[in-house]
Amino acid sequence: MPSALTSISSRPITRSSSFAVVVAIELWERFGYYGMQAVLLLFMVRQLGMADARANLLMGAFAAMAYALPVVGGWVGDRVLGSRRAMLLGATCMMGGYAALAVATVHVGLMTVAMALIATGNGFFKPNAANLVRRIYEGDDTALDSAFTLYYMAVNVGSTASILLTPLLQDHFGPAASFATCSAGLAFGLCVYTILRSRLRHVGSAPDFAPLAAGPVGGLLLGMAGAIVGLHLILDRPAVARACVWLAALSVLGIWAVIYRRAVPAQRPGLRMAYMLSIQGMIYFVFYQQIVTSLTLFALRAVRGDVTVGGVTLFHMSAGQFQALNPIWIMVASPILAFIYRRLARQGRDLPIARKFVLGYSLVTLAFVIWWLGALSGGAGLVSPWFMIAAYCALAVGELLVGGLGLAVIARYVPAAMGGFMMGSYLLSMGVAMYVGSMVANLAASAPAHPAAGAEAYAGLFLTLAIAAGTIVILFAALLPLTRRWDRQHVRDSALFSA
C-alpha cells in the first residue's frame with residue numbers, strides 16, 4: 001500500500017499548485033519585511049534616542065537601496081543563478097538580516113549591517129518571485145492577471161498580520177522579540193518551500209535547469225559580500241547615502257534618454273506616455289513614505305491609541321500598528337474597485353490610466369487634508385484615532401489608483417524588448433521618491449519627543465502635503481488632453497509597426 005507521501009508526490013503538478021508555493025513564501029517574506037518596517041523607526045527613535053531627521057533619512061536611504069537592488073537581482077536570476085535559486089538566496093539573506101537586527105538591539109553597530117543584508121536580500125527576492133509567477137502562467141494573460149491579483153492580496157495579508165503583531169511584541173517584550181519574529185516567520189516560509197519545492201521543479205529561468213558552476217557562484221558570493229559592506233558604509237554615512245540616491249536619479253534619466261534615442265519613431269509616442277505616467281506614479285511614493293516616517297511619529301506622539309464609539313473602547317492600536325490600516329483598506333477596497341472597473345468596461349466607459357491617476361491624487365489630497373484637520377483638532381493634546389482610520393482609507397484607495405498601476409504603465413506602453421530596463425528603472429525611481437519622501441517628513445522632524453506637545457507640530461507638514469497633492473491634481477488634469485493624444489498616436493503607430 002503506497003504511503004501518503006508517495007501519493008502526494010505522484011499527483012500531477014498543476015499551475016495553481018505551483019503558484020501556491022510562490023504565494024506561500026511571498027506571504028512570509030512580506031510578513032518579515034513589513035513587520036520589521038513597522039517597528040524599525042520606533043526602535044531608532046525610542047530605544048536608540050536617534051533624532052527624527054536622522055531616523056527619517058536612514059529609513060529613506062534604506063528604502064532607496066531596497067528598491068534599487070532588484071535591478072541587479074533580476075539580472076542575476078535570469079543569467080546566473082536562475083529565478084528559483086535567486087529567490088531562495090534573497091529570502092535566506094533577509095532572514096539573516098532580521099536576526100541580525102534582533103542582535104543589534106544589544107550591539108547597535110550591527111544595525112546598518114542588518115539593514116544592508118535585508119536590502120540585498122530584497123534585491124534578489126522580489127524580481128525573481130514575481131518572475132516565477134509570470135513563468136507559471138506564461139501565455140495565458142487572463143490567468144496571469146488573476147494570479148497577480150491574488151499575489152498582491154498575499155502581500156497585504158502577510159503585511160497586515162505582521163504590522164499588527166510586531167509593534168505589540170515590541171511594546172511588551174522589546175524590539176528584539178519583534179525582529180526575531182520576523183526572522184522566524186521567514187524561516188517558516190522557507191521550510192514550507194523546502195517541503196513543496198517539487199511543485200516548482202518545472203518552473204524557472206534557464207540557469208535553474210543547469211548545474212551551478214563554481215566560478216560564477218564564487219564571483220556572485222564575493223559580489224554580495226562587497227555589496228553588503230558597501231551598503232553598510234552608505235547607510236552609516238548620510239551624506240554618502242544622499243549622493244548615491246541623487247546618482248540613482250540621474251541614472252534613471254540617463255536610461256530613459258538612451259531608450260528614447262534608440263527607439264524607432266513608431267515607438268516614441270508610447271515611450272512619452274510611459275515616461276509621463278511613470279513620473280506621476282513615482283511621485284506618489286513621496287506621499288507613501290510618510291507612512292513609515294512622519295505618520296508613524298505622529299501616531300506615536302499625537303494620536304490616542306484607544307478606538308472608541310460612544311465612550312466604549314472597541315480596541316487599542318499602538319503607533320506601529322496604525323501602519324496596518326493601509327493594507328487593511330487595500331484589501332477592503334480592491335474587490336470594490338474591481339467591480340467598478342468591470343461595470344464601466346461593460347458600459348464602454350473604461351477609465352484610462354491617466355484619469356485614474358488624477359482620481360488617485362485627489363484621494364491622496366483628501367487623506368492629507370484629513371490628517372491636517374486632525375492635527376489642528378489635537379492642538380497640544382491627542383488626536384482621535386478615527387482621523388487616522390479615515391485618512392488611511394483615502395490614501396489606500398489612492399494607492400490602488402496610482403501606485404498599483406505603475407508597472408501596468410510599463411507593460412502597456414513600452415516595447416517588450418525594452419521592458420526589462422524600464423521595469424528596473426521604475427523600481428529605482430520609486431526608491432528615489434521614497435528618499436525624497438523622508439526628506440519631506442523632516443519638515444516636522446523638530447517635533448518634541450514627549451506626546452503632550454505632539455499634534456500641532458505636524459499640522460504644517462500635512463497642510464504642505466495636501467497642497468502639493470492638490471496642485472498635482474490640477475496639473476495632471478490639465479495634461480489629460482495631451483495624454484489622450486499620445487495614447488491615440490501610440491495605438492496607431494503600434495498597429496502600423498506590428499503590421
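Start by selecting D171 and R46, whose side chains meet in a salt bridge at 3.3 Å, N to O. This pair links distant parts of the chain, with D171 in helix α7 (residues 141-173) and R46 in helix α2, 125 residues apart. A salt bridge here is a side-chain nitrogen of Lys or Arg within 4 Å of a carboxyl oxygen of Asp or Glu. Helices (H or I, at least four residues) and strands (E, at least two) are DSSP runs, numbered from the N terminus.

The model is predicted: local features need pLDDT of at least 70, side-chain atom pairs count only at pLDDT 80 or more, and totals for chains, interfaces and linings use all residues. Residues are numbered from 1 along each chain as its sequence is written, and side-chain values use heavy atoms, with hydrogens and water left out.

Colour the pair by accessibility. D171 is partly exposed because its relative accessible area is 40%, and R46 is partly exposed at 37%. The classes are buried for under 20% relative accessible area, exposed for over 50%, and partly exposed in between (1.4 Å probe, protein chains only).

**The other salt bridges**

How many salt bridges does the rule count? The count comes to four. Opposite charges on side chains can pair when the charged atoms come close.

Select K126 and E26 next. Their side chains form a salt bridge at 2.9 Å, N to O. K126 lies in helix α6 (residues 111-136) and E26 in helix α2 (residues 15-47), so the pair ties together parts that are 100 residues apart in sequence. K126 is partly exposed, with a relative accessible area of 23%, whereas E26 is buried at 0%.

Move to D52 and R301, where the salt bridge is 2.6 Å, N to O. Because D52 lies in helix α3 and R301 in helix α12 (residues 294-302), this pair ties together parts that are 249 residues apart in sequence. Is D52 buried or exposed? D52 counts as buried, at 5% relative accessibility. R301 is also buried, with a relative accessible area of 5%.

**Buried positions in the helices**

Stay on helix α12 and select L295, which has its place there. L295 counts as buried because its relative accessibility is 0%. Draw a distance from L295 to V203: the C-alpha atoms are separated by 41 Å, and the two residues are 92 apart along the chain.

Go back to helix α3 (residues 52-68) and pick A68. A68 counts as buried at 18% relative accessibility.

Then select L277 in helix α11 (residues 268-288). L277 is buried, with a relative accessible area of 1%. The C-alpha atoms of L277 and E29 are separated by 29 Å, and these residues are 248 apart along the chain.

**The hairpin**

Show residues 306-309 and residues 312-316 as a cartoon: these are strands β1 and β2, which run antiparallel and are joined by four bridges. Two strands pair if DSSP finds at least two bridges between them. What is the bridge partner of T308 in β2? The partner is T313. β1 and β2 form a hairpin with two residues between them, and G310 in the turn has a positive phi of about 60°.

Switch to a surface view and select L164, I328, V332, I336, F339 and I340, which make a nonpolar patch of about 470 Å². Patches are made of residues with over 30% relative accessible area and no salt bridge; like charges are joined within 9 Å, and nonpolar side chains (Val, Leu, Ile, Met, Phe, Trp, Tyr) within 5 Å. Accessible areas come from the Shrake-Rupley method with a 1.4 Å probe, and for residues, only the protein chains shown count as cover.

Which helix gives the most to the nonpolar patch? α13 does, with five residues. I340 has its place in helix α13 and is partly exposed, with a relative accessible area of 38%.

For the last stop, select R342, R343, R346 and R349, which form a positive surface patch. Lys and Arg count as positive and Asp and Glu as negative, while His and the chain ends are not counted. The place of a charge is taken as NZ of Lys, CZ of Arg, CG of Asp or CD of Glu. R342 is in helix α13 (residues 325-346), and it counts as partly exposed at 48% relative accessibility.
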